[in-house]
Amino acid sequence: MANVLLVDDRPENLLALEGILEPLGQNLIEAHSGEDALRQLLRQDVAVILLDVQMPELDGFETARLIKQRERTSHVPIIFITAISKDEEQVFRGYSAGAVDYVFKPFNPQVLRSKVSVFIELHEKNEQLRRQAELLKEQELAELRRESEERYRFLAEAQPDQIWTAQPSGELDYVNQRALDYFDASFSELVKSGWTQVVHPEDLGRMLERWQEALGTGQPYDNELRLRRASDGSYRWHLTRAVAMTNRRGDVVKWFGSNTDIDDQKRAEEAQRFLVEAGAALAASLDYRQTLAAVAKLAVPRIADWSRVDMVVNDRLRTLAVEHVDPHKVELALELGRRYPESPDAQQGPPHVLRTGKSELASEISEERLAELATDDFHLGLVRELGFQSYMCVPLAVHGRVLGVISFVSAESGRRYGPEDLALAEDLSRRAGTAVENAQLYREVEERAQAARVLETVGDGVFLVDGAGIVRLWNRAAEGITGIRGDDIVGRRLEEALAGWEGISGNAETVPLERDGRERWISISAVSFDEGTVYAFHDITEERALEQIRQDLVATVSHELRTPLAAIYGSAVTLDRRDIELQRDVQAKLLNVIVEESARLTGIVNDLLLASQLDADRLDVQIGSCDARTLVEDVIAAARTHLPDGVQVALEPIAGDVPPVAADEAQLRQVLDNLLDNAVKYSPAGGDIRLTVEAADEAVRFAVADGGLGIPAVEQSRIFEKFYRLDPDMTRGIGGTGLGLYIARELVRRVNGRIWVEPNDEQGSIFYVEIPAVLQPESGPTHREEAAVRR
Ligand code: ADP
């Protein structure tokens with residue numbers, strides 16, 4: 001049904017027109033003015049317009065002109081209806097305004113109807129043509145669409161990636177052959193199961209979450225996940241991407257997706273990262289056990305579901321670490337190892353790797369292989385429970401020596417090891433080997449450093465001589481004992497530096513050593529080893545001296561004691577004789593011998609006692625002010641009571657004032673007694689002994705000069721040593737213990753004094769003793785005195 005627009009300002013005219021056109025069965029639209037007509041034309045298409053010419057305001061011509069101006073209505077035929085304008089000009093005006101016809105009132109309804117129906121028919125023809133054209137266009141479009149779809153499918157099939165498309169709901173509607181082959185499923189199977197069956201369980205949650213999000217927002221979907229490859233059951237990493245295609249309104253009409261296999265790249269990256277982390281873990285500890293345990297830990301679950309490190313202990317492999325994410329399974333594996341230890345002759349697995357030093361890779365552990373491995377059914381059951389799928393064992397070697405084996409096993413992850421994995425494992429093992437070596441080196445260095453520290457602190461001299469006879473090490477004690485600095489001897493030949501020492505071998509030998517012009521005695525022993533000889537030594541000079549002293553003491557004292565004892569014994573036995581009558585004076589003499597010799601014995605014993613007290617520094621010293629002159633006079637008086645024939649003692653006249661001395665009076669008297677006794681004793685041919693006392697600086701000097709045997713210059717300091725005697729064997733028949741001068745020196749030292757000996761002019765000796773003076777108060781205290789008083 002077409003629209004026919006009737007335009008007239010008079011309703012009765014409209015009504016009449018409607019009546020005439022009714023039978024045509026078209027849709028008649030009324031317009032009551034030119035404006036109304038224009039409005040109606042905006043709303044709908046019309047086939048023909050019947051337009052009254054004479055209308056107030058916008059007349060028919062004007063209305064027609066406006067209709068013709070509009071593009072949408074310019075082609076619509078207009079029939080003018082008029083009663084008046086029959087003249088030529090009016091008609092011309094109507095045609096030029098776009099009229100196709102004129103109908104003059106009163107008009108013949110039949111003519112009008114037929115005219116209108118011609119225009120309607122024309123309109124319908126046009127409409128039909130237009131619709132046909134549209135249809136044609138649609139068909140062409142559909143064909144085009146089909147073609148383009150086919151093209152992109154071809155494109156999709158030619159891709160190395162898995163390509164798929166999905167409905168806006170996410171349901172798959174196309175999957176390329178490559179994907180179907182990978183999953184070994186038909187399209188319908190894949191649609192039915194969706195992704196859930198093929199995505200790694202660990203990645204599924206994340207994948208669904210992201211996919212749902214993309215479906216909800218229409219934003220691109222991007223994810224990395226593992227997809228199960230049907231051919232071997234392994235999961236390979238894929239990069240999955242999908243973008244939405246939208247229509248003009250922005251609604252998603254299709255998802256285009258692709259899955260790109262990035263497994264190799266991903267594993268390479270992961271391997272790299274793993275090795276970096278492993279490097280850090282390996283460097284973290286210098287305890288190789290900890291290091292290797294760390295490696296085992298690191299490998300799970302990164303490159304294995306199981307990892308195990310075995311080390312060679314006493315030629316056999318011992319498991320050092322087992323790792324699995326589930327501790328319960330670790331227990332199971334350990335139990336398995338205890339119950340069914342691997343035979344060292346096994347043809348596969350760690351023992352085999354240990355024997356051959358070559359890595360082992362089993363991409364797939366078949367049922368037969370498992371059965372081969374198992375000792376019995378129970379064993380097989382346990383092994384099955386662990387679900388081993390694939391394994392690799394690599395030797396852990398340092399400098400070509402296999403120290404252990406690292407094993408990686410895949411189980412629940414379903415991964416299959418290939419040559420790249422083995423290369424990674426070998427790389428890891430190499431790094432572990434280096435770490436173990438470093439740890440060992442460090443330990444050795446530490447031990448050496450420890451040994452060196454010990455060597456530096458031990459009291460014994462220690463030195464090392466290498467195979468070529470060169471001194472390589474010389475410790476601090478060695479420097480101290482010999483006085484030879486390490487810098488001066490290390491690097492030199494031993495025989496040049498210390499002639500005679502190179503011949504030493506084995507147990508302690510005693511060798512002399514010249515040091516500072518004195519002879520020292522060294523006890524040295526040597527131990528040889530592969531790389532040379534280690535010598536240890538210590539200075540036994542003091543010990544030897546002590547030993548000598550001990551021997552001297554025994555010899556001297558026993559002789560010294562024996563002489564008076566023999567005299568006492570002889571006298572007593574004689575007195576006791578009944579067979580002879582002894583004269584009274586003889587009796588008195590014998591008794592006198594007993595008294596004197598007893599006194600001598602007492603003297604010896606007292607000296608021994610005093611010497612030991614001095615040695616132990618236990619002697620009590622009472623320092624006071626003593627008058628030097630009185631002291632010397634008393635000493636001379638006492639000596640005179642038993643002077644042998646031919647000996648005279650005299651005190652030289654004292655010049656000037658002699659100040660009192662700060663000393664222990666009894667001890668100073670003993671010193672002077674001893675010097676005077678010695679002067680008498682060592683003047684066997686008799687002679688004059690002169691004593692002098694004089695003030696000297698802030699001290700008082702005593703001197704005892706004799707013309708006796710004298711003392712050789714080299715012995716002048718030694719005679720003050722304990723038990724030292726110039727004539728130990730008493731070839732001259734003069735006895736003594738060798739203690740007197742030692743005691744004298746020690747007593748003098750304790751009051752800050754000095755004692756020394758000098759040769760007398762022609763013959764004999766002069767012994768000097770200097771004791772600090774007690775100075776007069778007005779002269780003020782001196783250092784020396786202060787020190788003396790403190791003592
Ligand atoms: P002794 O008991 O042997 O006299 P001393 O310690 O008193 O011990 O003396 C040590 C040694 O010094 C003596 O054995 C002696 O050889 C020597 N000697 C000491 N005084 C004299 C002296 N006046 N003249 C010569 N030699 C002396």
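The residues of the shell around the ligand divide into nine nonpolar, eight polar and three charged, where Ala, Val, Leu, Ile, Met, Phe, Trp, Tyr, Cys and Pro count as nonpolar, Asp, Glu, Lys and Arg as charged, and the others, Gly among them, as polar. The model is a predicted one, in which local features need pLDDT of at least 70 and side-chain atom pairs count only at pLDDT 80 or more, while totals for chains, interfaces and linings use all residues. Residues are numbered from 1 along each chain as its sequence is written, and side-chain values use heavy atoms, with hydrogens and water left out.

Of the 20 residues around the ligand, those that come nearest are Asn 678, Tyr 682, Asp 706, Arg 725 and Leu 741; a residue is near a molecule or strand if one of its heavy atoms lies within 4 Å of it. An N or O atom in the side chain of Arg 725 is 2.5 Å from an oxygen atom of the ligand, and a polar side-chain atom of Asn 678 lies 2.8 Å from an oxygen atom of the ligand. Taken alone the ligand exposes 530 Å², and the protein buries 97% of that, with accessible areas coming from the Shrake-Rupley method with a 1.4 Å probe and, for residues, only the protein chains shown counting as cover. Two or more residues of the shell around the ligand are given by each of helix 22 (665-681), helix 23 (740-750) and strand 27 (765-772), and the largest share, four residues, comes from helix 22. Helices (H or I, at least four residues) and strands (E, at least two) are DSSP runs, numbered from the N terminus.

We turn next to a single helix. Helix 9 (residues 263-284) has 22 residues and reaches 31 Å from its first C-alpha to its last, close to the 32 Å expected at 1.5 Å a residue; the expected span is 1.5 Å times one less than the number of residues. Among the buried residues of helix 9 are Asp 263, Lys 266, Glu 270, Phe 274 and Leu 282, buried meaning under 20% relative accessible area, exposed over 50%, and partly exposed in between (1.4 Å probe, protein chains only). Seen down the axis of helix 9, its buried residues fall within an arc of 165°, so they line one face of the helix, the arc being that of the directions from the helix axis to the C-beta atoms. The face turned away from this buried side carries the exposed residues Val 276, Ala 280 and Ala 283. An α-helix has 3.6 residues a turn, so residues three or four places apart point the same way.

Some details of the backbone also deserve attention. The peptide bond from Val 300 to Pro 301 is cis, with omega near 0°, and Pro 301 has its place in helix 10 (residues 288-302). Asp 516, in the loop between strand 18 (506-515) and strand 19 (518-529), has a positive phi of about 50° although it is not a glycine, and at 69% relative accessibility Asp 516 counts as exposed. Asn 752, a residue other than glycine, has a positive phi near 65°; Asn 752 lies in the loop between helix 23 and strand 26 (754-759) and, at 28% relative accessibility, counts as partly exposed.

Note on methods: A polar contact is a pair of N or O atoms within 3.5 Å; within protein, one must be able to donate a hydrogen and the other to accept it, and residues adjacent in sequence count only if both atoms are side-chain atoms.
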